[in-house]
Amino acid sequence: MEKTYSALPGTERMEDIVCPVCGAQSVRPHWDCGSFLIQRCTGCAHLYQNPQPVFSDLRNRYQQSYFDYELSNEQAFFRLMLLGLKDIGFSGWEEGLKNRGAFLDIGCATGLLLSYMQERGWTVHGAEICGPSARYGIENRHVDIFPGPLEQAPFPPESFSLIHFSHLIEHVPDPRRLLEKVHGLLVPGGAAVIVTPNRNGLQARLLGRKWRSCIADHLNLFDKKGLARILRETGFTIQKTKTWGGLARGLAPACIKNPLDKLAKLLGFGDVMLFHVKK
Ligand SMILES: [Zn+2]
């Protein structure tokens, strides 16, 4: 089974960091993946890469080859995003809104979700660190995308009623700072939808360091507990959590995979998790 796409770490400058969830410094090696090392925090059991590439070097990973990967997979990723939104009853929630307001997609890739939300009446903005992906979205989908990290984007505080980021938080060196920023950008009562791999899911438990989400680009591997903790500590109220994906295609025949997928969703051991939170 193939892992998720990741750039190969090259000659980046590395730095030691403290646990992004609890701030502890002490770690134990968890998965030695050759070119990178996943450590387990002895304070809170969070899994994260340590040492990590410094951000100015790390961002160079997100260039042309990343764009090629994003573009060739955009329809598949988009379908998964819609399924996730359906899982949290998004359209019912959306219908209950007085007005749709402004929507921000962080790590919006080629802007497919932005264009979908625009058609549904939202004012849409995106932020995307991969320059070629941002340019593609701006030129082909005519949506507003800031080509860089969110911290540098010119969005005023309390300007969005909905913020979405799918498969982003695990790439970010400082997830707590990201959540603080998101909290500041939301209007009071605004919502965020977050999707990230679940390292407490069945696949991660079965496969260990061979898990498809254990890749060099994933700096943090969250379980529900760790993500819920930093969400609460940055001021969010958790509305709903969901997980999905029992076994990856190719790991088991359909007669095993299909019922296992249903069970994973029901019991919360799916491969990917979604949090719907409120400011
Ligand atoms: Zn910790």
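Which residue stands opposite Gln39 in strand 4? The residue opposite Gln39 is Tyr48. The model discussed here is predicted.

**Zinc site**

- Four cysteines, Cys19, Cys22, Cys41 and Cys44, coordinate the zinc ion through their SG atoms at 2.3 Å.
- The site is tetrahedral, and the angles among its 4 donor atoms run from 101 to 116°.
- For four tetrahedral donors, the ideal angle at a metal is 109.5 degrees.
- Along the chain, the donors of the zinc ion have the spacing C-x2-C-x18-C-x2-C.
- Cys19 belongs to the loop between strand 1 (14–15) and strand 2 (27–32), while Cys41 belongs to strand 3 (residues 37–41), so this pair ties together parts that lie 22 residues apart in sequence.
- Cys19 and Cys41 are both buried.

- An open sheet is formed by 4 strands in the order 2-3-4-11, with antiparallel pairing.
- Strand 2 and strand 11 are at the edges and have a single partner strand each, so one side of each has no neighbour in the sheet.
- Within this sheet, 3 bridges link strand 3 and strand 4 (residues 47–49) in the antiparallel sense.

**Strand 13 and its partners**

- Strand 13 has 7 residues and 6 of them are buried, so the rest of the structure largely encloses this strand.
- Strand 10 runs antiparallel to strand 13 and is joined to it by 7 bridges.
- Val193 has His276 of strand 13 as its bridge partner.
- Strand 12 (residues 237–244) also pairs with strand 13, in the antiparallel sense and over 7 bridges.
- Thr237 has Lys278 of strand 13 as its bridge partner.

**Nonpolar cores**

- In soluble globular proteins, nonpolar side chains tend to be buried together.
- The largest nonpolar core here has 35 residues, and the members that touch the most others are Phe165 and Val182.
- Two or more residues of this core come from each of strand 6 (102–106), strand 9 (160–166), helix 7 (175–185), strand 10 (186–197), helix 9 (224–233) and strand 13 (272–278).
- Leaving out residues up to four places away in sequence, Phe165 touches Asp105, Ile106, Leu178, Leu179, Val182, Val193, Ile194 and Val195.
- Another core, of 23 residues, lies apart from the largest one and includes Ile88, Leu112, Val124 and Leu274.

**Helix 7**

- Pro175, Arg176, Leu178, Leu179, Val182, His183 and Leu185 are the buried residues of helix 7.
- These buried residues pack against strand 6, strand 9, strand 10, strand 11 (220–221) and helix 9.
- An α-helix has 3.6 residues a turn, so residues three or four places apart point the same way.

**Aromatic rings**

- The whole structure contains 8 aromatic pairs.
- One of the pairs is Phe67 with Tyr136, a tilted pair at 5.7 Å centre to centre and 45° between the planes.
- Phe67 is in helix 2 (residues 64–72) and Tyr136 is in helix 6 (residues 131–141), so the pair ties together parts 69 residues apart in sequence.
- Phe67 counts as buried because its relative accessibility is 11%, and Tyr136 counts as partly exposed because its relative accessibility is 22%.
- Phe103 and Trp122 have ring centres 6.3 Å apart and planes at 65°, so this pair is edge-to-face.
- Phe103 lies in strand 6 and Trp122 in the loop between helix 5 (112–119) and strand 7 (123–127), so the pair ties together parts 19 residues apart in sequence.
- Phe103 is buried, with 2% relative accessible area, and Trp122 is buried at 3% relative accessibility.
- Tyr62, Tyr66, Tyr69 and Phe77 make up one aromatic cluster.

**An exposed leucine**

- Leu266 is part of helix 10 (residues 254–267).
- Is Leu266 buried or exposed? Leu266 has 69% relative accessibility, so this residue counts as exposed.
- From C-alpha to C-alpha, Leu266 and Thr243 are 8.3 Å apart in space, and they are 23 residues apart in sequence.

Conventions
Residues are numbered from 1 along each chain as its sequence is written. This is a predicted model: local features need pLDDT of at least 70, side-chain atom pairs count only at pLDDT 80 or more; totals for chains, interfaces and linings use all residues. Side-chain values use heavy atoms; hydrogens and water are left out. Donors are N, O and S atoms within 2.8 Å of the metal (3.2 Å for Na, K and Ca); water is not among the atoms, so sites may look incomplete. Four donors count as tetrahedral if all angles lie between 85 and 135 degrees; four count as square planar and six as octahedral if opposite donors are over 155 degrees apart and all others between 65 and 115; anything else is irregular. Buried means under 20% relative accessible area, exposed over 50%, partly exposed in between (1.4 Å probe, protein chains only). A nonpolar core is a set of buried Ala, Val, Leu, Ile, Met, Phe, Trp, Tyr and Cys residues joined through side-chain atoms within 4.5 Å. Contact means heavy atoms within 4.5 Å. Two strands pair if DSSP finds at least two bridges between them. Rings of Phe, Tyr and Trp (its six-membered ring) pair if their centres lie within 6.5 Å; planes under 30 degrees apart count as stacked, over 60 as edge-to-face and the rest as tilted.
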